[in-house]
Amino acid sequence: MGIENLAEKAQILIRSRLCSPNFIFKPLSDSTDSNYSKLKFIISSSIMEACNNSILLLGPRGSGKVAVLELVLSDLLEEYPDTITVIRLNGLLHSEDNSALKEIARQLCMEHHLLFSKMASFDDNSQFMIAMLRECGLAHKTVIFALDEFDLFAQGKQRLLYSLLDAMQTVTSQAVVVGVSCRLDADQLLEKRVRSRFSHRKLLFLPPSKEDVQRLLEHILSLPMDSSLACDYAAEFNEKLQSILADKRFKEIISNYLNSNSTTNHLLRFLFIAISNMELKSGFLSLENFKAALSSIQRQPKQECIKDCSILELYILVCMKRLEVREQNSYNFSSVMKEYKSVHDSFPTSDYYAQNVCLRAFEHLLQRELICFTDNRGHSQSIEFRQVKLVVSYAELQEGLKSYRSCPAILLKLIDR
């Protein structure tokens, strides 16, 4: 089998891993201190001891809350196949109390092979849920309610949460409520009557540590030796991968990326782009693949627009930046032209244009939204006299000038001053 075919197979394998939350979070579940272990212990102890429980999984979007919950549920369904019923709700779909209770009734009916009535009222569905919780409790079965976007259920009258948590207060019921939210104050949104029935257990999902990132990279990117891939190719692939992971330049790339995008989900997106950049002819990953992925993700739209500007437009942007550096926050086209003339007087060049030409360039910058008016109240005024400001940051302008192929050297000197 050719090197390109082997590389394509390896690429497909790693991409499939990146799309499988169960595979990704499995190595992080080995530690007894992981959120996976804590959540599984809470739910499994509730099942074994026949008690009710409630818990919140809190953390930023993309930190793996739902993935870990699903991993725990899939493991528990294998361990206790006949004693668990899982009801899944999402606040984006079921935040309205009536629709949420109707969905609970529908899933309970489906699970226990009962007929579901679409015409049932809120009270009917509430009584049905309470009766089912009682029957499941008597049959030593646990109902697990997974409420994604939990904070959306805490809006309005919170009748669903009250009915659910109140039903769990009875001796016969046996249920676990797991709320998932990106709001760290989700429990504070609960009404007093609901909060008093909540267990107030929380698991906080933090950005992965350096050790976790290292383990994830090795776990996801290393090729298995017992697959359909040739053993010598897999061994060489893993050897080259280890040298990349140990490279200081690679560690800087990962560190720079995680400083701005610290969640596991962002890291997986970064790895997916790096794998997609792998050269099939060489057959192996390289440091350049990760560099290309970083530049692709960190691409700035405004910076890209600067690359398409004319030389005159660059002069106008630099002049505006010089005005702002001097804390002249209130300026217009006329002020910019005075600065442009002073620059030309200090550094005589051939890049000097008439005022009407500069005005057209100025209007073009407005159209491309690299600059904008400071307010919308001066529509009756001529463009030359309306107050303007830069939309691009200093860093974006500086990088845009550096990446501009034919940027005059004088502009680079001016922007660095």
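## Burial of Arg17

A residue counts as buried when its relative accessible area is under 20%. In this predicted model, Arg17 has a relative accessible area of 9%, and because that value is under the cut-off, Arg17 is buried. The residue lies in helix α1, which covers residues 3-18.

Leaving out residues up to four places away in sequence, Arg17 touches Phe23, Ile24, His219, Ile220, Leu221, Ser222 and Pro224. Across the protein chain of 417 residues, 47% count as buried.

## Overall form of the chain

The protein chain has 21 helices and seven strands. Its C-alpha atoms fill a box of roughly 90 × 65 × 35 Å along the principal axes. The radius of gyration is 30 Å, whereas a compact globule of 417 residues would have a value near 22 Å.

## Annotated domain

An unreviewed UniProt entry places the feature "domain: ATPase AAA-type core" at residues 55-201. Over residues 55-201, the chain is 46% helix and 18% strand. The end C-alpha atoms of this stretch are 5 Å apart.

Two residues with positive phi are described here. Ala50, which is not a glycine, has phi near 55°. Ala50 is found in the loop between α3 (35-49) and β1 (53-58). With a relative accessible area of 38%, Ala50 is partly exposed, because partly exposed residues fall between the 20% limit for buried and the 50% limit for exposed.

Glu149 also has a positive phi, of about 55°, although it is not a glycine. The loop that holds Glu149 runs between β3 (142-148) and α8 (150-153). The relative accessible area of Glu149 is 10%, so Glu149 is buried, whereas Ala50 is partly exposed.

## Second largest pocket

The second largest pocket has a volume of about 310 Å³. It is lined by 13 residues, and those closest to its centre are Lys210, Val213, Lys251, Ile254 and Ser255. Two elements, α11 (210-221) and α13 (248-260), each give two or more residues to this lining.

Helix α13 provides the largest share of the lining of the second largest pocket, with six residues. Sorted by class, the lining of this pocket comprises seven nonpolar, four polar and two charged residues.

## Largest cavity

How many cavities of 30 Å³ or more does a search of the whole structure find? The search finds one. The volume of the largest cavity is about 30 Å³.

Its lining consists of Tyr315, Tyr340, Val343, His344, Phe347, Thr349, Asp351 and Ile410. Helix α18, covering residues 333-346, gives the most to the lining of the largest cavity, with three residues. By class, this lining has five nonpolar, two polar and one charged residues.

How values were computed:
Residues numbered from 1 in each chain as written. Predicted model: local features only at pLDDT ≥ 70, side-chain atom pairs only at ≥ 80, totals over all residues. Heavy atoms only, no water. 1 Å grid on protein atoms, 1.4 Å probe; cavity = no way out; pocket = protein on both sides within 12 Å on 5 of 7 lines; lining within 4 Å. Points joined across faces, edges and corners; volume = space filled by probe spheres on them. Helix = DSSP H or I, 4+ residues; strand = E, 2+ residues; numbered from the N terminus. Nonpolar A, V, L, I, M, F, W, Y, C, P; charged D, E, K, R; others polar. UniProt positions renumbered as here; feature names shortened; annotations may be inferred. Rg over C-alpha atoms; globule rule 2.2 N^0.38 Å. Buried < 20%, exposed > 50% of the residue type's maximum accessible area, 1.4 Å probe, protein only. Contact = heavy atoms within 4.5 Å.
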